[in-house]
Amino acid sequence: MPVPKWFVVARNEYLIRTSKIRKIRPYFPFLVIGLLTIYVAFITPAFVNLFIDEFIAFFLSQAAVAVVEIILFLIFFYFIIIPISNTLKEVQTEQQEIVLAAPIKPSDILLGEFLGVMPFYAIAAIVIIGLFTAVLNPLGLDMVQIGMIIIIFIVTFFSALWIGTVIAAILRTKFGKTARGKDIGKALSLIIALPAIGLMYAIIGGGLLEALADPGTSGMVEAILGLLPSSWGAEVIISFASNPGNITAVGFETLTRFGGLVAFFVATLWLGAKAANRAYSLEPTTFISSRAKPDGVFYKTIKYLGGGGSFGTLLVSTFKGYSRRLQNLSYIAYVVGLLVLVTVFFMQPDYPEDATIMGMFLFPILAAFVASDVTLRGKDTLFIYRKTPSGVGRFVKARLVQGWIVVVPITGAITAVSTILIPQTTFISLLTNTGIMMLFVAANVAFALGLFLLNPAFSDKSGNFIFNIFIVPNVWLGIFIISILVFDLPLLDSLFYVMIPLSWLLGIVFLYLGKRKLSRIE
């Protein structure tokens, strides 16, 4: 009996995903099953028992339906965007061309990719399902109700994963045709997560949970989210919690909503298979030549800031190379978006220091993202400047000034707005807060630039890139905690007298060491 072609594709996808653990690959399924069994059988019941009264009160409350709808919507949304984001990060069509050269139907390719990644998403699904069933079990639900709840979660999660797989395949074909399209894909891969993060911040710090206790607010949320398939299962879950062991009391409601969810899953499978031909249609990659235009006022200003002359020209060239990559702009948009969300949902007028603390953590991440472009352009670019007389020093200086031009004004604007939102803010405090944060972030740019030269990351998927992005904010967070505990200074005093001097010292040292390593790079 011949092996189904979709099975071959699924197996290859699974082997690719587990290539980094090939030594333990034969034992990987058993290891995961064992850990999940311990989690479901012992860990979740023990955790639920600690808060059993609160959980029971919640599922019987006015806000229960709306909250569960929001939770399922967030999970549904994440299961859609994860395959899309993973595909857009590196839009490649070479593997797709190889697969399409084989006699396999596009629908088999799509189904194989879906089934190949399903085991990894199943791990997350089991973790969530195990927690929900452990919470609902003390309410007295019978086995039929528990079984239907498990099916609801499975259908909801994997219908979202299928939708994400189909969309990712279509976008891969769309953006893979041109180099510009691939750049757009990388930019979108980061930005698409912001809406879900905003909703999560609204739940955690925006008082959404308290607002849902009001029947009017919860009713509005239910009316909006109730149109989505993820909410149909939420309504069944809450109806079971209100009628434990009595499924007949909500028989019609269960039949319509549960049946609608299953019908939605079947419909998405059918539509996805029909869309496979479009998702896997390839055209030759095109190369579009661009025409250079005279520099406008903006780039003339950049050249003036660089002092004019040859260095001003180098600075403009560096800035153009940075700004033309949409992925770089998406990093800025992502961090700025996080800062806006934090300001809106977490900053309290009575505790203005919160905004400063969050800025101290997020602004260094922005500095790290901007500085990372120094090596992400590839080693060949670094060699060009290394072979040029005085090229290394001028290159590092241009990158430093370019980082300041990008990061410092953004930091100043966001800090000024956050300070203005604080009641009874004086003009002196506005200037003080903004100036201190701009000095701090300028030093962060120097530190991050030196770190990326010392520990080069030639790909945004490399371990060095992730390590550097992680190190930059956590260094300052550690120094901040130590300065508070050791010197016992107020926040702004600690920032001005400890953090800024140390940040500039570290920035200068790392920049000097990074420049020396660049001059000896092979």
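pLDDT is the predictor's confidence in each residue, on a scale from 0 to 100. The present structure is a predicted model, and its chain has a mean pLDDT of 79, with 85% of the residues reaching 70 or more. Where pLDDT is low, predicted coordinates should not be read in detail.

In its overall architecture, the chain contains 22 helices and zero strands. Of its 522 residues, 46% count as buried. Among the contacts in the chain with a separation of 6 or more, 81% are accounted for by residues 24 or more positions apart.

One pair of helices may be followed in detail. Two packed helices are described by the angle between their axes and the distance between those axes. For helix 14 (residues 297-305) and helix 15 (residues 309-323), the axes come within 8 Å and cross at roughly 130°. Helix 14 is therefore oblique to helix 15, since an angle counts as roughly antiparallel if it is over 145 degrees and as roughly perpendicular from 65 to 115. The crossing of helix 14 past helix 15 is right-handed.

On the side of helix 14, the residues in contact are Phe298, Tyr299, Ile302 and Lys303; they meet Gly309, Gly312, Thr313, Leu315, Val316, Phe319, Lys320 and Ser323 of helix 15. Sorted by class, this contact comprises six nonpolar, four polar and two charged residues.

Technical notes. Residues numbered from 1 in each chain as written. Predicted model: local features only at pLDDT ≥ 70, side-chain atom pairs only at ≥ 80, totals over all residues. Heavy atoms only, no water. Axes fitted to C-alpha atoms, helices over the stretch in contact; angles between N-to-C directions. Helix = DSSP H or I, 4+ residues; strand = E, 2+ residues; numbered from the N terminus. Parallel < 35°, antiparallel > 145°, perpendicular 65-115°, else oblique. Left-handed = near helix turned anticlockwise from the far one by under 90°. Contact = heavy atoms within 4.5 Å. Nonpolar A, V, L, I, M, F, W, Y, C, P; charged D, E, K, R; others polar. Buried < 20%, exposed > 50% of the residue type's maximum accessible area, 1.4 Å probe, protein only.
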